[in-house]
Amino acid sequence: MLTKSLTLTEQVARQLASDIADGVHAVGAKLPSGRVLAEQYGVSAAVIREATERLRAQGLIQSRQGSGSTVVSRTGAQGFQVSTGIAVDRKKLASVYELRMELEGGAAALAAVRSTPEDLDAMEAALASLQAHLDHPEAGVEHDIAFHVAIATATHNSYYQDLLQYLNLQLR
């Protein structure tokens, strides 16, 4: 039974993680497509994307553009995690923002050294999209995140990308 106090994304992610742990989706098997999962859970494709991103951050699945998601582990990584309830605890939320600022500062410094012309083009495009959506705060947030993702990508260090993506998901 799904708990009402959890967001739809959390509910779906927990159910999928439970199904993986129970062997419903075996290690090495592909998850059903996003469209199929959205129909199964009665949610939007965006909820499924966020739920599968959480599973990826937990080390349960690997995703490839155009190839879907494959189960890689029955149990999630037991490493760093942001505690639930962060949205209602201002001190915890502030602490996560402090961590994110430090990580992003380091990522920006590394990106300045390692970025390619393609990375710079991606950052410029993300900034242009952000500027075009400043009058729409909800859309602007997505473009702001895209800019930070472009910076993390320009580090050419997948750990920056993974950790910043995880923190962005938790802060949403």
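In the predicted model, the axes of helix 1 (residues 8–21) and helix 3 approach within 8 Å and cross at roughly 50°, an angle that makes helix 1 oblique to helix 3. The crossing of these two helices is right-handed. On the side of helix 1, the contact is formed by Leu8, Thr9, Glu10, Val12, Ala13, Leu16, Ala17 and Ile20, and on the side of helix 3 by Val47, Ile48, Glu50, Ala51, Arg54 and Leu55. Sorted by class, the residues of this contact comprise 10 nonpolar, one polar and three charged.

Helix 5 contributes Asp119, Ala122, Met123, Ala126, Leu127, Ser129 and Leu130 to the contact, while helix 6 contributes Gly140, His143, Asp144, Ala146, Phe147, Ala150, Ile151, Thr153 and Ala154. The contact of helix 5 with helix 6 contains 10 nonpolar, four polar and two charged residues.

Helix 3 also takes part in the second largest pocket, where it supplies eight residues, the largest share of the lining. The space in this second largest pocket amounts to about 670 Å³. The lining consists of 25 residues, of which Ile48, Arg49, Thr52, Ser63 and Ser69 are the closest to the centre of the pocket. Two or more lining residues are given by each of helix 2 (34–41), helix 3 (45–57), strand 1 (61–64), strand 2 (68–71) and helix 7 (158–171). By class, the lining of the second largest pocket is made up of seven nonpolar, 10 polar and eight charged residues.

Methods. Residues are numbered from 1 along each chain as its sequence is written. This is a predicted model: local features need pLDDT of at least 70, side-chain atom pairs count only at pLDDT 80 or more; totals for chains, interfaces and linings use all residues. Side-chain values use heavy atoms; hydrogens and water are left out. On a 1 Å grid over the protein atoms alone, a cavity is a set of points where a 1.4 Å probe fits but cannot get out, and a pocket is an open set with protein on both sides within 12 Å along at least five of seven lines; lining residues have an atom within 4 Å of a point. Grid points are joined across faces, edges and corners, and a volume is the space filled by probe spheres set on the points. Helices (H or I, at least four residues) and strands (E, at least two) are DSSP runs, numbered from the N terminus. Ala, Val, Leu, Ile, Met, Phe, Trp, Tyr, Cys and Pro count as nonpolar, Asp, Glu, Lys and Arg as charged, and the others, Gly among them, as polar. Axes are lines fitted to C-alpha atoms, for helices over the stretch in contact, and angles run from 0 to 180 degrees between N-to-C directions. Angles under 35 degrees count as roughly parallel, over 145 as roughly antiparallel, 65 to 115 as roughly perpendicular and the rest as oblique. A crossing is left-handed if the near helix is turned anticlockwise from the far one by less than a right angle, and right-handed if clockwise. Contact means heavy atoms within 4.5 Å.
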